[in-house]
Amino acid sequence: MARHRSEENRTSHYPDGTAIQGDKRNAQDIIGLIVDQQSQFSKTNRRIAHAILSEPHSFVEKPIEEITTWLGVSAPTVTRFSRMLGCDGLKDLKLKIMGSVRIGIRYLEPQTPPGSIAEVAERVSKRAQKTIADIHHNVDLERAQAVVDRITACHTLYAFGSGGVSSWLIEEIQNRFFRLGIRVIPCSDHQMQFMLATSVERTDVVICCSLTGTNIELEKAISVAREYGATTIALTPSGTPLAAAVDELLPVDSPPDEDILSPASIRYAYMIAIDIISYGVAIARKDAGREKLRRLKQQLATARDVAQTQPLCD
C-alpha cells in the first residue's frame with residue numbers, strides 16, 4: 001500500500017525537466033508532447049517517438065516483445081521512455097496515445113493533397129456546391145418560417161457567436177438585417193454576451209451561431225436571455241446542447257470535411273441559412289424594409305456617382 005501511494009505522489013517530468021503534476025498527467029496531449037520535445041530525445045528515444053508518430057495504431061496494438069524487435073530497443077528502454085513522458089509505464093503510454101489518436105487521427109495520417117492549383121480550385125468549388133445543395137434540399141422550411149416570423153416582429157436582434165467562423169457569421173447577420181430596419185447588436189465576447197443577455201426585453205430576439213453546438217458560455221447567455229423573456233434562436237447542428245437550449249432551432253447539419261487542410265465548407269451552409277432567413281424577413285417587412293434599402297441606395301449613389309446596379313455595400 002505504501003508503495004502504491006508513493007507511485008501516486010511521484011512527480012514526473014517532461015524531457016526538458018519541467019515537472020508534470022498529478023491531474024495534468026492524465027489530461028496531457030501525449031502526441032503534442034512528443035512532437036514538441038522529440039528534438040531533445042536521444043537517438044534511441046527518437047526512434048520510439050518516430051514509431052509512435054508515424055504508426056500510432058501499430059505501436060498501441062503490439063505487445064512489448066514485438067515493439068522491441070520492431071524498433072531494435074530493449075524493454076527497459078521503452079519503459080524509461082514512457083516514464084520520461086510522465087506515464088507510469090508502457091500500458092499508461094498506450095492509453096494516452098489511444099486518447100490522442102481517437103481525437104486527432106486525421107491530423108496524424110498524411111493524405112494525398114491536390115497536385116495543382118487547378119485541382120485545389122476544383123475541390124474547393126465542388127465542396128462548396130455540395131454543401132449549398134445539401135442545405136437547400138434539407139433545410140427545415142417550417143422552422144425557417146418560424147425564425148423569420150420571430151425576427152420580423154422583434155424590437156432588437158442580438159447576434160451571439162464566437163470562434164473562427166461563428167464570430168464573423170454574427171457580423172454577417174448584422175450586415176443582412178440592419179438594412180431591413182432592424183436594430184442589430186452583434187457580440188462575440190462571452191462576458192459581454194452574458195451582460196447583454198441581462199438587458200434584453202420581451203420583444204427582443206437573441207440569435208446564436210455555433211458550428212459545434214457545445215459552447216457552454218453561449219448556453220449560459222441564452223439561459224439568461226430566456227429568463228428575461230427574450231426569444232432565443234440557434235443556427236447549430238441538431239441534437240446538440242445548444243439546440244436544446246433555445247426556443248427556435250434552425251438546424252444546420254453537414255458531415256465534417258475529411259481534408260483537414262481544406263477550409264471547412266460548412267460555413268457556406270450557415271451563410272445560406274442566414275440568407276434564407278434575411279430574405280424571408282425582407283419580404284415580411286415589405287415597405288419598412290424597402291424604405292431602408294432605398295435610403296442606402298440613394299446615399300451611396302449620391303456619394304459615389306456610380307451605376308445603379310451595384311450592390312448595397314456588400
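User: In this predicted model, which residue of β6 does Val-205 stand opposite, and how many bridges join β5 to β6?

Analyst: Val-205 stands opposite Thr-231 in β6, and that pair belongs to a region where five bridges join β5 to β6, the two strands running parallel. Further along, Cys-208 stands opposite Ala-234 in β6.

User: How should I read the two faces of a strand, and which residues of β6 lie on each side?

Analyst: As a general idea, the side chains of a regular strand alternate between the two faces of the sheet. In β6, Thr-231, Ile-233 and Leu-235 lie on one side while Thr-232, Ala-234 and Thr-236 lie on the other, and all of these are buried, where buried means under 20% relative accessible area. Six of the six residues of β6 are therefore buried, so the strand is largely enclosed by the rest of the structure.

User: Which residues of β5 point each way, and why is β5 described as largely enclosed?

Analyst: From β5, Val-205, Ile-207 and Cys-209 point one way, Val-206 and Cys-208 point the other way, and all are buried. Because five of the five residues of β5 are buried, this strand is largely enclosed by the rest of the structure.

User: Turning to a helix, which residues of α10 are buried, and what covers them?

Analyst: The buried residues of α10 are Ala-144, Val-147, Val-148 and Ile-151. They cover an arc of only 100° around the axis, which puts them on the same side of α10. What covers these residues includes β3, β5, β6 and β7, together with the helices α11 (166-177) and α15 (266-285).

User: How far does α10 reach, and what is found at its start?

Analyst: Helix α10, residues 141-152, has twelve residues and reaches 16 Å from its first C-alpha to its last, close to the 16 Å expected at 1.5 Å a residue. At its start, a side-chain oxygen of Asp-140 comes to within 3.3 Å of the backbone nitrogen of Glu-142.

Technical notes: Residues are numbered from 1 along each chain as its sequence is written. This is a predicted model: local features need pLDDT of at least 70, side-chain atom pairs count only at pLDDT 80 or more; totals for chains, interfaces and linings use all residues. Side-chain values use heavy atoms; hydrogens and water are left out. Helices (H or I, at least four residues) and strands (E, at least two) are DSSP runs, numbered from the N terminus. The expected span of a helix is 1.5 Å times one less than its number of residues. Buried means under 20% relative accessible area, exposed over 50%, partly exposed in between (1.4 Å probe, protein chains only). The arc is that of the directions from the helix axis to the C-beta atoms. Contact means heavy atoms within 4.5 Å. A polar contact is a pair of N or O atoms within 3.5 Å; within protein, one must be able to donate a hydrogen and the other to accept it, and residues adjacent in sequence count only if both atoms are side-chain atoms. Two strands pair if DSSP finds at least two bridges between them.
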